[in-house]
There are 2 protein chains.
Amino acid sequence: MRDAVRADPAEEALGPGREFDLIRRLVAAWGSRAQGIGDDAAMVSVPPNEHLVASIDASLEGVHFERAWLSPREIGYRAAAAALSDLAAMASTPLGMLVALSLRDDQPADVTSLAEGIGEAAASCDCPIIGGDSTRGPCLTLTITVLGHAARPVRRDGARPGQLLYVTGTLGGSGAALEAFLRGTTPVPAHREKFARPIPRLREARWLAEHGASAMIDVSDGVASDLAHLAAASGVAMEVAMERLPCVTGVDPVRAVLSGEEYELLCAAPPLDTAEFSRSFGISLTCIGSVTRADIAAATFTLHGERVDPGLGYDHFSR
Amino acid sequence: MRDAVRADPAEEALGPGREFDLIRRLVAAWGSRAQGIGDDAAMVSVPPNEHLVASIDASLEGVHFERAWLSPREIGYRAAAAALSDLAAMASTPLGMLVALSLRDDQPADVTSLAEGIGEAAASCDCPIIGGDSTRGPCLTLTITVLGHAARPVRRDGARPGQLLYVTGTLGGSGAALEAFLRGTTPVPAHREKFARPIPRLREARWLAEHGASAMIDVSDGVASDLAHLAAASGVAMEVAMERLPCVTGVDPVRAVLSGEEYELLCAAPPLDTAEFSRSFGISLTCIGSVTRADIAAATFTLHGERVDPGLGYDHFSR
């Protein structure tokens, strides 16, 4: 029953069975990033007087990515980074990650690379991998639950009139890469990088929370759609001047406002020191608008003073 | 943008978008069992000085069930109950559930029934539904993360020589139903019920922990396989007298020991008052063997005194 990857007693203790052979391969790829895997459930300690924050996020082949677009390592990295971004959106600190993998029978060779990508994203956010599930299935699926802690999580419902709207980093790269992939062409490297290797803005989120951000969301559906979520949850009117959007080279604001899966942060806050933010994190923080009223819940957009309807982005590329 | 199921301000606050329309249908089906859904992540408070316990569990059409075998409500119930059973295995108390649903485009009509089944299992365990994710996909998939708390979670690694091995309820029904489904016949009602509507043994698990159970697992792969996991994790030898297995009518011990997805509890404990257990919970608690040695990790089985190799059950029905 022995196999080559049973390197240490913790792996040995997983016991026999085909599913456990796969788990042993994952654990071997994760190394010290995997902690306590093998029981029915993982155990986590939440700091006293802090909330646990939890989110689940699925990445499916054919829905969120195509295998032709990304390497297995990138697929793993991107799925884990997208999940971790939900912890950033709440200004929380990662505690652990649970990974449910569904693999086609003809894809076993990819497991180590997938695991390495997941492990890379987890390590970049100091997030141990504490458990999981694996099964065969009709498409490659990574469903990742992230757990974090925060003394005062930042929700979507705290935006108030008089606050300004800020977004981190630059927008449009992920959407432009997706458009190129869907056309069958090769995205420019900067756009592809944004699509394939999004960076969860965890430290940035805590800075924003410490400096007064009271409503926050990560840009997963596109600024147009995500701002509408923020406005709806907070019950306020928000106005964005689209010409202020920090667009990547080669993308205009009309496309950038619809670009999803950017994993930048969008927040409502008092006036912030954007220069200090940039010095601290090496990315921009841009004021793109303001919260104007509390008597109506709506997000409106202007371009050089003209009111425009940007649309609502896409649910996923397949619609 | 309004639709009929936006019944209250909490649903309204979800904002626009196709995915949110699906979430609104789920939230409407769950009613008061859904709490706080709609932010980037859910917030949970863990009791002071207790551990958080977390597990993720995937149920896929074609791997864990076929749609022809179960109603949508049963599919939802069974997936959630299977996940909750992992909290029982750790003797923990549910705090919340995150539900990732992947649906085929031609299955939207099933969503309410699926959600009702998930909600029924959650309600039966006093477990609020605190978040989720939804997407289309090539098969119906329910990936459920359960969160619980326990002052002293019972793990797999605490079995010690001199302890006895106990199992709750009766075994073999789930496997017999699966065999019937795979043959294309109709399972007898008692077997089908065990397959379609497993009951997470949460209260029973806490009783067992309070009475000294120091290693525990839920029977998901079959007693033969799960006992091997327990023995491997604890580093002990376990011996089971198969004729003692509490089998359902129509199933012999040789089949019952391989029957998976039973979601009964298997534990190592000092001698227990099985009559008191039965009076308290209305199901049996049966001593099936003992922990014999600590110098070797193995599970061995006898039938009427003869050593037998039961095999290792199945990973899933499809291999």
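Predicted model: local features only at pLDDT ≥ 70, side-chain atom pairs only at ≥ 80, totals over all residues.
View 1. A:Trp207 belongs to helix H7 (residues 202-210) of chain A and A:Phe277 to helix H10 (residues 274-281) of chain A, so their pairing ties together parts that are 70 residues apart in sequence.

**View 2. A:Trp69, A:Phe181 and A:Phe195 form a cluster.** Here, ring pairs provide the links between the three residues. For context, a search of the whole structure finds 10 aromatic pairs over all chains.

**View 3. The fold of chain A is built from 10 helices and 12 strands.** Of the contacts between residues at least 6 apart in sequence, 84% join residues at least 24 apart. The C-alpha trace spans about 70 × 50 × 35 Å along its principal axes. The radius of gyration of chain A is 20 Å, which agrees with the value near 20 Å for a compact globule because the chain has 319 residues.

**View 4. Surface, interior and charges of chain A.** Buried residues account for 60% of the 319 residues. The accessible surface amounts to about 11,600 Å², and carbon and sulfur atoms contribute 51% of that surface. If you are curious about charge, chain A has 28 positive and 41 negative charges, and their mean positions lie 1 Å apart.

Conventions: Residues numbered from 1 in each chain as written. Chains lettered and ligands numbered in written order. Heavy atoms only, no water. Helix = DSSP H or I, 4+ residues; strand = E, 2+ residues; numbered from the N terminus. Rg over C-alpha atoms; globule rule 2.2 N^0.38 Å. Buried < 20%, exposed > 50% of the residue type's maximum accessible area, 1.4 Å probe, protein only. Contact = heavy atoms within 4.5 Å. Areas by Shrake-Rupley, 256 points an atom, 1.4 Å probe, with all protein chains shown as cover. Lys, Arg positive; Asp, Glu negative; His and termini not counted. Charge placed at Lys NZ, Arg CZ, Asp CG, Glu CD. Phe/Tyr/Trp six-rings, centres within 6.5 Å; stacked < 30°, edge-to-face > 60°.
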